Amino acid sequence: MVKPRLRTGVRLTFDRVRDTHVLLFPEGVLVPNATAAAVLELCDGSNEVGEIADRLGARFRGVRVEDVAGVLARFEDRRVVEWT
Amino acid sequence: MDVTVEPPLGMLAELTHRCPLHCPYCSNPVELAAKRDELTTAQWLEVIEAARDLGVLQVHLSGGEPLLRPDLPELVARASELGCYVNLVTSGLGLTESRLADLAERGLAHVQLSVQGADAARADRIAGAKAHARKVDTAAVVRAVGLPLSVNVVLHRANHDQVEELIDLAERMGADRLELANTQYYGWALRNRTALMPTPEQLAAAEPVVRAAIERLRGRMEIVYVVADYYERYPKPCMYGWGARQLTVAPNGDVLPCPAASVITTLDVENVKRRPLGEIWYESASFNAFRGEDWMRDPCRTCDRRALDFGGCRCQAFMLTGDASATDPVCSRSPDRSVVDGILAGEAETVASAGVPDFVMRAPTVTR
Ligand SMILES: C[S@@+](CC[C@H](N)C(=O)[O-])C[C@H]1O[C@@H](n2cnc3c(N)ncnc32)[C@H](O)[C@@H]1O
Ligand code: SF4
Ligand code: SF4
């Protein structure tokens, strides 16, 4: 129960019209901010939260595991992310 | 007018009005489009491309019955290729495993399957066809192919007592989501309003059942419950605002700010065959008619709820008051609320004196 992934039916893509990442799912569309999009891109069911934080840490400064966990908890509430 | 118009997020593409079912609650217009008036494959492909260019990210392929269009696979593929989330809104009749597997391969993301009742006897009577058992099979096919499934039930007097059984059925079908939506009175549903209007007792009985099920199934099956707005104090936030998020393209290419908007006879309806979609969205009189707040009258104009519900439904305002700019008469603050109360009292009286009228079934399939 530690590896997050996008729920079935949820898709993360880049929208060139709005020039941003978008999350698409049956109920609607969410526009994640850049950090959230980076987290979600790594949610493929093969990375643990700690690994996601490490990999983001290599790209962005000051990424903390708590922040990643916080982002994921919010997306879990919105039925975007589930745990495997 | 000072309104920033955002690009649309969603498009409801009504590929055809033809349908094997005859639901008396159908929101399709009473004047159904004939087959010969439907857009061609090339025209639908252009519409999909124009919609994506405009910013559409969700394409709902609906109807009528979208499976009656042999070009459905092509349309799914194009919308998905362009980066849209493609949702198939279907009665499920004719959706075999090989057909669905092909659609999934072409990028279909989600299936929304309608169900008319909790058991075959009830459901088939409402659908006017032997359909229920095939829908249960369709749900299994959706699971087998691995696509997410929403079950949609339109609630009314003839099935409201089955709410609990309907929830059980959706669970057995393996739905990820269940929409229990009370009938919106447009099209055929408006014609059948007396027979469809649920009683206050039915609504009161359903409420705790639905609430308990939402709790019990949390995390497994999401339940969306849309209440009957005639009985509410405030209107629904219709379409999240006119021309704000979604557009509808009817089978003949008419472009509407909401699926029911063809009832507003004062609206100058545009068509994709005559004007580019982008221009229709941003510049047309019909899409700008009720954008923002300038069009609002009292009491909406100064109401503290106007950013929540946008003054309610324009179609309902027009149908019940003859004025599309009026406050939705469902609203308790509307000077026309008595119209809605009068309808409720009138329907109840008709039923009390003459019994529940027979359904006027949706007309036989149009094939011309
Ligand atoms: C018009 S149907 C077309 C697609 C397909 N024939 C079906 O019934 O699923 C589109 C969706 O609207 C729902 N619907 C139909 N009439 C309605 C009404 N009067 N009020 C609310 N929803 C309605 C259906 O259950 C379905 O989910
Ligand atoms: S609601 Fe019923 S009659 Fe209307 S299009 Fe859907 S299946 Fe056909
Ligand atoms: S008066 Fe208008 S804005 Fe206020 S609650 Fe009623 S419909 Fe909504």
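Is B:Glu171 buried, partly exposed or exposed? I started my notes on this predicted model with that one. B:Glu171 comes out partly exposed, at a relative accessible area of 30%.

**Entry: the partner of B:Glu171**

I looked up what B:Glu171 pairs with and found a salt bridge to B:Arg220, with the closest N and O atoms 3.7 Å apart.

**Entry: counting the bridges**

Next I ran the search over the whole structure. How many salt bridges does it find over all chains? The tally is 32.

**Entry: B:Asp161 and B:Arg122**

B:Arg122 and B:Asp161 form a salt bridge, and their closest N and O atoms are 3.0 Å apart. B:Arg122 belongs to helix H4 (residues 120-127) and B:Asp161 to the loop between strand S5 (149-155) and helix H6 (163-173), so this bridge ties together parts of chain B that are 39 residues apart in sequence. I noted both accessibilities: B:Asp161 is partly exposed at 46%, and B:Arg122 is partly exposed at 22%. With buried meaning under 20%, B:Arg122 at 22% does not count as buried.

**Entry: a pair inside helix H9**

Then I went to helix H9 of chain B. B:Glu207 and B:Arg211 meet there through their side chains in a salt bridge, 2.7 Å from N to O. Why are they about one helical turn apart? They are four residues apart in helix H9, which means a separation of about one turn. B:Arg211 counts as exposed at 52% relative accessibility, whereas B:Glu207 is partly exposed at 34%.

**Entry: a network with both chains**

Which residues are linked with A:Arg79 in a network of salt bridges? I got B:Arg177, B:Glu179 and B:Glu222.

**Entry: the annotated span**

Last, I checked the record. An unreviewed UniProt entry annotates residues 5-220 of chain B as "domain: Radical SAM core". I computed the content of that span: 43% helix and 16% strand. Its end C-alpha atoms lie 37 Å apart.

Methods
Residues numbered from 1 in each chain as written. Chains lettered and ligands numbered in written order. Predicted model: local features only at pLDDT ≥ 70, side-chain atom pairs only at ≥ 80, totals over all residues. Heavy atoms only, no water. Salt bridge = Lys/Arg side-chain N within 4 Å of Asp/Glu carboxyl O. Helix = DSSP H or I, 4+ residues; strand = E, 2+ residues; numbered from the N terminus. Buried < 20%, exposed > 50% of the residue type's maximum accessible area, 1.4 Å probe, protein only. UniProt positions renumbered as here; feature names shortened; annotations may be inferred.
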